[in-house]
Amino acid sequence: MDALHLSQTGVRMELISDGSVVYAEALWDHVTMDVQELGFKAGDVIEVVDATNKEWWWGRIADSEGWFPASFVRLWVNQDEPMEEYPVRVEDGKPDDANSANRRLATGQSKKDQMRTNVISEIMSTENDYIKHLKDICEGYVKQCRKRTDMFTEEQLRTIFGNIEDIYKFQKKFLKGLEKKFNKDQPHLSEIGSCFLEYQTDFQIYSEYCNNHPNAYTELSKLMKINKYVYFFEACRLLQKMIDISLDGFLLTPVQKICKYPLQLAELLKYTNPEHRDYNDVEAALNAMKNVAKLINERKRRLENLDKIAQWQSSIENWEGEDVLARSSELIHSGELTKVSQPQAKSKQRIFFLFDHQVVFCKKDLLRRDILYYKSRIDTDSMEVVDVEDGKDKDFNISVKNAFKLQNKFTNEVHLFCAKKLSVKERWLQAFENERKQVQLDKETGFAITEVQKKQAMMNAKKSHPTGKPKGDFSNLIK
């Protein structure tokens with residue numbers, strides 16, 4: 001069955017209070033940042049125990065319980081049946097006999113061709129409309145704003161309009177590519193799938209725009225409280241003869257557009273016969289544009305996580321050195337390990353937090369276990385992970401079990417870690433592998449956090465509660 005995130009408090013509580021077992025599916029990975037949180041992977045099934053709080057719910061997976069963000073899951077609509085995924089189907093079924101097949105060739109096929117023509121026409125029409133829309137913004141607003149250096153700084157313009165001029169330039173190139181593939185005489189024979197595949201990497205420029213859009217809205221809101229800016233933007237709209245929509249409405253269009261491509265391609269695939277020369281390319285294009293949308297959503301999620309990471313840091317006692325956001329933007333894994341230090345091979349229990357580019361470790365307070373004290377950090381860019389066999393370790397001259405090392409690639413620096421179970425060690429080894437993949441992916445896709453975004457997250461953390469989670473009501477359930 002399809003799942004739906006039921007956000008209404010009444011529905012949530014009615015499901016749980018009547019004694020039913022309520023399940024939710026994880027939409028995102030949730031890497032725990034303290035002992036009271038419930039960690040899970042996307043796709044995990046969680047039993048929801050309490051949903052009184054709007055933002056944080058209490059749930060259970062196997063023998064683990066804890067708080068988790070409600071926005072990371074969606075409740076199953078049908079709580080009695082397992083959830084199933086229904087793939088997009090091009091055909092409803094197979095013909096019962098030869099006569100039904102012939103009838104479909106005689107009538108259904110031409111109808112399908114007409115439907116494909118309609119979808120192709122819509123794609124071409126909306127592309128042309130979109131190009132005009134981008135042109136109006138760039139020439140009607142950006143160009144006019146640049147003339148008024150007394151009203152706007154270059155930084156303000158970059159915040160308001162982002163990289164919309166780059167998007168305009170790219171979309172013109174993309175439209176020319178579509179027009180070359182468009183068959184004007186017989187639109188249903190058009191082969192436009194390859195065009196999406198050719199430019200799939202270029203569509204990633206939307207990531208920067210979508211990530212910046214909340215900043216644009218904030219900056220515009222400030223300016224629109226001043227009359228001279230209200231009059232100026234209205235004059236720009238009238239001069240360009242644009243429809244009566246506010247600037248923030250115009251600037252939302254690229255965000256909506258990149259989300260619409262997968263929908264259009266899914267519709268096109270639906271009305272494309274498997275024998276059509278464009279079928280395989282349209283199918284591949286649909287997957288490619290879904291991946292683009294997924295990448296954009298993932299980057300958006302990571303930006304939203306900045307506040308959470310900053311709040312986590314603000315809750316750590318005796319923090320030293322640069323902020324974690326100076327180099328990192330993603331928590332990959334966390335948990336408790338025994339760290340062995342040289343030269344006396346002293347063993348100490350520590351809580352470790354693996355971010356991209358670094359691992360931070362802390363010490364628990366002896367009395368209040370939810371309080372952590374900063375101890376140090378390790379630069380993972382200069383380290384390689386070494387799996388250690390059970391037995392005597394030659395570097396530390398001690399017997400170890402479920403151990404691994406972080407070894408500096410350029411110096412003699414070595415760190416030895418021991419896990420309580422083999423499964424815990426394996427999760428850490430996988431996490432370090434994932435961290436390297438994440439760093440490499442960020443490098444390939446050009447993902448980076450701006451200094452403004454880092455500073456804003458740290459400022460937000462100082463204003464809010466360190467964790468933002470409800471405390472106390474279920475503290476007796478912590479194991």
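Lys 241 sits in the loop that links helix H7 (227-239) to helix H8 (247-270), where helices are DSSP runs of H or I with at least four residues, strands are E runs of at least two, and both are numbered from the N terminus. Its phi is near 60°, a positive value in a residue other than glycine, and Lys 241 counts as exposed because its relative accessibility is 73%; buried here stands for under 20% relative accessible area, exposed for over 50%, and partly exposed for what falls in between, with a 1.4 Å probe and protein chains only. The model is predicted, and local features need pLDDT of at least 70 while side-chain atom pairs count only at pLDDT 80 or more, although totals for chains, interfaces and linings use all residues. Residues are numbered from 1 along each chain as its sequence is written, and side-chain values use heavy atoms, with hydrogens and water left out.

A positive phi of about 55° is also found at Asn 402, which is not a glycine. Asn 402 belongs to the loop between strand S12 (398-400) and strand S13 (403-408), and at 7% relative accessibility it counts as buried.

Strand S13 leads on to a sheet, which is open, has seven strands in the order S9-S8-S7-S6-S14-S13-S10, and is paired in the antiparallel sense; two strands are taken to pair if DSSP finds at least two bridges between them. At its edges are strand S9 (372-379) and strand S10 (383-388), each of which pairs on one side only. Neighbouring strands of this sheet are turned by 35° against each other on average, direction ignored, with axes fitted as lines to C-alpha atoms (for helices over the stretch in contact) and angles running from 0 to 180 degrees between N-to-C directions. Within the sheet, five bridges hold the antiparallel pair S13 and S14, and Gln 407 stands opposite Val 414 in S14. The loop between S13 and strand S14 (414-418) contains Lys 409, which is partly exposed, with a relative accessible area of 44%. Lys 409 and Met 383 are 26 residues apart in sequence, yet their C-alpha atoms are 5.7 Å apart in space.

Another open sheet has five strands in the order S4-S3-S2-S1-S5, again with antiparallel pairing. Its edge strands are strand S4 (64-69) and strand S5 (73-75), each pairing on one side only. Strand S1 (residues 22-26) and strand S2 (residues 45-50) run antiparallel and are joined by four bridges; in S2, Val 45 is the bridge partner of Glu 25.

In helix H3 (154-161), the residues Gln 156, Leu 157, Ile 160 and Phe 161 are buried. They lie on the same side of H3 because they cover an arc of only 105° around the axis, the arc being that of the directions from the helix axis to the C-beta atoms. The face turned away from this buried side carries the exposed residues Glu 154 and Glu 155, and just after H3, Gly 162 takes a positive phi of about 55°.

Helix H3 is also one of the helices that supply at least two residues each to the lining of the second largest pocket, together with helix H6 (205-223), helix H9 (279-315) and helix H11 (451-463). The largest share of that lining, eleven residues, comes from H6.
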